[in-house]
Amino acid sequence: VAMPIQINGSIGFYAAFSENRHQHIWSIDDIKFINDAVRILQNIIVKRIQRNSIASSFASLEAILDNVGSSIYVRDTKTGALLFANRSLRNNFSKELSDGSLELLFESSIPSRSKSGNYEVYHDLRDRWYELFYTRISWVDGRPVSLCAVYDITEKKMYQKRIEQQAYTDFLTGLYNRMCCERDLERYVSEARKYDSKGVICYLDLDDFKKINDTLGHQYGDILLQDISRAISNVDGIANSCYRMGGDEFVIIVPTESFDEYDRILEDVKHIFAKPWYLKDSDYYCTMSMGSVVFPDDGDNVSDLIKKADIAMYEAKRSGKNRIAKYSDNIDASSIRRLDMEKSMRDAALENCKEFVVYFQPIIDVLSGDNAMKGAEALVRWNSSKLGFISPGEFIPLAEYLGLINPIGNYVLEKACECISKWNKAGYKNICINVNLSVVQLMQKDFVDMLSELIRKYSIRPESLVLEITESMAINNMERTRAVLMKIKGLGIKFALDDFGTGYSSLSSIRSLPFDVIKVDQSFVKDLASDNYSKAFIKMIAELGETIGADVCVEGIESAGQLSAIEGMKVRYIQGYYFDKPLSEKDFEDKYIYKNSNKLVKNI
């Protein structure tokens with residue numbers, strides 16, 4: 001009798017039964033017996049196949065897991081027994097396997113109900129970082145297990161630390177930067193609150209550092225910043241809490257553990273600046289002004305603390321520099337305003353000077369017979385989004401002090417060239433725009449190239465641009481000034497000597513410089529109608545101008561009496577409120593550019 005044996009739904013074998021001793025007739029009972037025997041045999045075969053399959057599957061799984069790039073182990077979630085550890089884990093964590101500390105090291109932080117996840121583990125003894133990935137699965141034999149994969153991420157952590165160090169470090173000096181200062185100060189303030197202790201933040205600014213840059217050059221200014229950074233970071237108690245905030249500004253945080261030594265730390269810092277610095281074969285003194293704030297007494301908000309320390313520092317500067325001021329709510333409002341102006345100006349300069357606007361005051365040719373508008377002086381104004389409209393007399397000296405006069409001045413220059421081009425196309429072919437220059441702009445290495453590029457970019461005639469420099473600026477380093485002016489003059493650009501009569505230049509010095517216009521300072525105009533000295537002075541300058549081939553412009557004319565006093569003096573150009581005040585670009589265009597006549601209507 002042959003009976004099929006089915007394995008997984010298909011016939012895999014046949015069981016054959018035979019009787020060889022004598023003739024046999026198979027009864028129903030015999031058939032039932034054979035069926036039972038076949039089922040038993042089938043169960044035996046299936047189980048044998050399953051055992052072989054499990055063993056084969058486990059062997060394949062072990063081969064796979066032994067060759068992956070991580071250390072892997074499997075633990076029975078019910079009994080805690082270690083069911084499997086791959087070759088990498090056996091090699092790298094043999095000690096932990098032998099002393100039974102593997103579970104404590106890697107699995108102690110797994111949430112009890114979490115099915116999968118990952119987190120980082122630091123191995124104290126090895127000083128290495130690992131990342132653990134865990135998941136709950138059914139093992140090859142059906143048991144619930146926890147599979148854990150361990151990756152060594154020490155190199156990754158070290159790389160992240162280097163990147164973080166770069167992000168928090170000032171490239172020039174090696175000190176920590178503003179971002180790191182704000183992060184650390186948050187921690188120091190938190191510690192002070194927690195332990196009921198105190199700390200100090202000191203905001204330090206170098207006095208007249210700009211003079212070092214202007215005199216010796218920026219490379220020596222950088223050397224000085226590096227020397228100062230090394231010196232203050234070597235002071236005991238603040239070695240790891242010194243920061244460069246930008247430019248020549250530093251912050252020193254005296255942490256809670258060093259607060260009792262604050263007076264000694266302060267003396268050490270003061271001693272650093274009491275000695276000269278050796279730069280370019282000579283000794284140079286550079287003092288500092290400092291503002292200090294105690295936290296949490298004076299506040300516990302990071303931004304407020306830094307601002308208060310900054311305000312205190314400005315109070316020290318306002319009081320004469322080379323001193324230390326403690327923050328107080330009674331500090332003069334002018335120090336607070338100056339700080340607000342500085343912060344706002346830095347932001348405005350970084351945002352393409354969009355808060356600065358250019359106004360134009362017409363310059364009148366009074367010898368033309370019809371008081372025609374010959375040109376205009378471009379005057380920069382600052383409409384701060386935070387502080388409102390700020391007068392030039394207030395913000396221009398600050399811009400020069402902060403070294404921001406270059407971007408602002410260059411913005412005005414480009415705006416002037418843009419308007420000249422636009423007004424030329426509107427029919428004013430011979431209009432000239434005067435632009436004031438600072439000494440910092442004039443001495444830029446690429447200033448001549450920049451002017452040449454502006455002329456090319458806007459396709460204007462070079463003589464349409466008149467650069468004004470002050471008398472005191474002209475006689476400062478006469479040889480260098482003349483060399484730069486002659487290069488610019490070679491482009492075809494004109495020059496005006498501004499504020500003449502207020503400086504100390506000799507007539508021979510003025511003659512040696514290539515000026516096309518001499519602008520008499522308005523201090524000589526105030527009493528022009530009745531003051532014979534002022535009349536004589538202007539007459540003399542007009543005759544001098546005629547002799548050396550320079551036109552004369554008188555500023556500050558506000559009345560008919562002042563205007564009539566200079567009639568017949570050969571003064572060609574007049575500028576002042578008698579004809580018009582400085583106007584916005586739109587108002588100037590509406591009044592002078594897009595009108596049929598260029599004759600002026602005097603303001604009454």
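**A buried glutamate, then the rest**

Let me start with E96. Setting aside neighbours within four places in sequence, E96 is in contact with S101, L102, L105, H123 and R126, where contact means heavy atoms within 4.5 Å. E96 sits in helix α3, residues 94-99. Helices here are DSSP runs of H or I with at least four residues, strands are runs of E with at least two, and both are numbered from the N terminus. E96 counts as buried, at 5% relative accessibility. Buried means under 20% relative accessible area, exposed means over 50%, and partly exposed is in between, with a 1.4 Å probe and protein chains only.

Before I go on, this is a predicted model: local features need pLDDT of at least 70, side-chain atom pairs count only at pLDDT 80 or more, and totals for chains, interfaces and linings use all residues. Residues are numbered from 1 along each chain as its sequence is written, and side-chain values use heavy atoms, with hydrogens and water left out.

Next, the sheet. In what order do the five strands of the open sheet run? The order is β4-β3-β7-β6-β5, with antiparallel pairing; two strands pair if DSSP finds at least two bridges between them. β4 (82-85) and β5 (116-123) are the edge strands, each pairing on one side only. From one strand to the next, the twist averages 20°. For angles, axes are lines fitted to C-alpha atoms, for helices over the stretch in contact, and the values run from 0 to 180 degrees between N-to-C directions.

At the β4 end, β3 (residues 71-76) pairs with β4 in the antiparallel sense over three bridges. V74 is opposite F84 in β4. At the β5 end, β5 and β6 are joined by eight bridges, again antiparallel. There, E120 stands opposite E131 in β6. The hairpin of β5 and β6 has four residues between the strands, and D127 takes a positive phi near 55° in it. Helix α5 (residues 154-167) lies across β5, β6 (128-138) and β7 (144-152), and runs at about 130° to β6.

Now the cores. A nonpolar core is a set of buried Ala, Val, Leu, Ile, Met, Phe, Trp, Tyr and Cys residues joined through side-chain atoms within 4.5 Å. The largest one has 80 residues, and L465, L467 and I488 have the most contacts inside it. Helix α13 (residues 405-425) gives this core its largest share, nine residues. Not counting residues up to four places away in sequence, L467 touches L413, V435, L437, F447, L451, I488, I493, K494, F495 and A496. There is also a second, separate core of 29 residues, with I232, I265, F273 and M290 among them.

A word on helix α12, residues 392-402, where F395, L398, A399 and L402 are buried. They are on the same side of α12 because they cover an arc of only 105° around the axis, the arc being that of the directions from the helix axis to the C-beta atoms.

Last, charges. The structure holds 40 salt bridges, each a side-chain nitrogen of Lys or Arg within 4 Å of a carboxyl oxygen of Asp or Glu.

One is between the side chains of K317 and D207, at 2.7 Å, N to O. K317 is in helix α10 (residues 302-318) and D207 in the loop between β8 (199-206) and α7 (209-216), so the pair ties together parts 110 residues apart in sequence. K317 is buried, with a relative accessible area of 10%, and D207 is buried at 5%.

Another joins K422 and E589, whose closest N and O atoms are 2.7 Å apart. This pair links distant parts of the chain, with K422 in helix α13 and E589 in helix α21 (residues 585-593), 167 residues apart. K422 counts as partly exposed, at 30% relative accessibility, whereas E589 counts as buried, at 9%.

E453 is partly exposed at 38% relative accessibility, and R456 is exposed, with a relative accessible area of 54%. Finally, salt bridges that share partners join K415, E418, K422, E585 and E589 into one network.
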